[in-house]
Amino acid sequence: MGESQDAEVFLIEQVRAGSESAWEEIIVRFQGRLVAFARRRLSDPSECEDIVQETFIGLLRSLANYDKRRSLETYLFAILRNKLSDHFRKRDRGRRQGLDSLELDEAPAAWLDRDSPSVRLAAAEQVDAQRHALVETLRRWVEHCRTQGRFQDLIVVEMLVVMGLRNKEVAEDLGLTETAVAGIKFRVVEQWRKSTLADSHAPEWTEADLARDSTAGTIWQEEGISCLKRSTLGKYLLGVLEEEMGAYVDFHAEQAGCERCAANLTDLQQEDERDLVWSDEFRQRCFTSSVGFLSRRPEG
């Protein structure tokens, strides 16, 4: 766990203890990038702000579920994506006059009633352990690629699991042969497999995992596996990154379309010219609308 994440864990513990100043610090840290992300999906600024306020409330209501192994940014963006999905679902449902509401709302209850709480808890713990093992493997591999300068391998994997391209399309875009792409896939799977040999919760890696609709592909996007540190994005904007790393950041944020990193870039670009009055007023609105949840028992 890095210094930044240690600081986030400390803030969360303070918030759990009821600290209003720690809660306000979290809002200050994340409001800009969350609004920038929401504005990529919504054209109405007031809707963006409302959903970001709901996101902060969602964090307080779900503190019992917060896993300190995840970065706070990852957790907040996950809540925001859920809030945006709910927003679009409600809007579309209204357009359909509620015809699909039973299909959406009642399906989960069918299996919940068939299992005992202990069975569900055991299954949830198993899934959580498997997910954590998968996330750790992928993060270690990404970091290895960056430190070793293996950006081509990383780009190929993102084109497969994030962009959903096929071998032929990847080869054409990168000026490689399909045989070369297949070779990279084989090497990557072998690296993932070796990385998790001693982990009983790790999956049996195959080349089928190198696809957007695979479990690995889904988690890659949900957890922001290859997302960049904010400090790295700041250096990118200043033009002080090494050439290969800078080219990768450009690919990741622009071509692969990482909305999270793009939102951070937008927020960083606007820091010097941001309307400070708006920023303070919005921080105050977020704080006022959510601070009451500090004294409430978090939902389990």
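## Exercises: pockets and cores

The second largest pocket is lined by 20 residues, and those nearest its centre are Arg-81, Gln-221, Glu-222, Cys-258 and Glu-259. This is a predicted model, so let's explore it step by step.

**Exercise 1.** Describe the space and the lining of the second largest pocket.

*Solution.* Start with the space: about 330 Å³ lies in this pocket. Next, sort the lining by class, which gives 7 nonpolar, 6 polar and 7 charged residues. Then look at the helices: H11 and H14 each supply at least two lining residues. Of the elements, H11 gives the most, with 4 residues.

**Exercise 2.** Find out which elements build the largest nonpolar core.

*Solution.* Begin with the core itself, which has 42 residues. Trp-141, Val-157, Trp-192, Leu-210, Trp-220 and Tyr-248 have the most contacts inside it. Now trace the elements that give two or more residues: H7 (117–148), H8 (151–161), H9 (167–174), H10 (178–195), H11 (215–222), H13 (243–255) and H14 (259–270). The top contributor is H8, with 8 residues.

**Exercise 3.** List some residues that Trp-220 touches, leaving out those up to four places away in sequence.

*Solution.* Select Trp-220 and look around it. Among the residues it touches are Leu-138, Trp-141, Leu-154, Val-157, Trp-192 and Ile-225. Glu-158 and Ser-226 are also touched by Trp-220. Finally, look for a second, separate core: it has 38 residues, including Val-15, Val-35, Phe-282 and Val-291.

**Exercise 4.** Sum up the whole chain.

*Solution.* Count the elements first: 15 helices and 0 strands. Then turn to burial: buried residues make up 40% of the 300 residues.

Methods. Residues are numbered from 1 along each chain as its sequence is written. This is a predicted model: local features need pLDDT of at least 70, side-chain atom pairs count only at pLDDT 80 or more; totals for chains, interfaces and linings use all residues. Side-chain values use heavy atoms; hydrogens and water are left out. Buried means under 20% relative accessible area, exposed over 50%, partly exposed in between (1.4 Å probe, protein chains only). A nonpolar core is a set of buried Ala, Val, Leu, Ile, Met, Phe, Trp, Tyr and Cys residues joined through side-chain atoms within 4.5 Å. Contact means heavy atoms within 4.5 Å. On a 1 Å grid over the protein atoms alone, a cavity is a set of points where a 1.4 Å probe fits but cannot get out, and a pocket is an open set with protein on both sides within 12 Å along at least five of seven lines; lining residues have an atom within 4 Å of a point. Grid points are joined across faces, edges and corners, and a volume is the space filled by probe spheres set on the points. Ala, Val, Leu, Ile, Met, Phe, Trp, Tyr, Cys and Pro count as nonpolar, Asp, Glu, Lys and Arg as charged, and the others, Gly among them, as polar.
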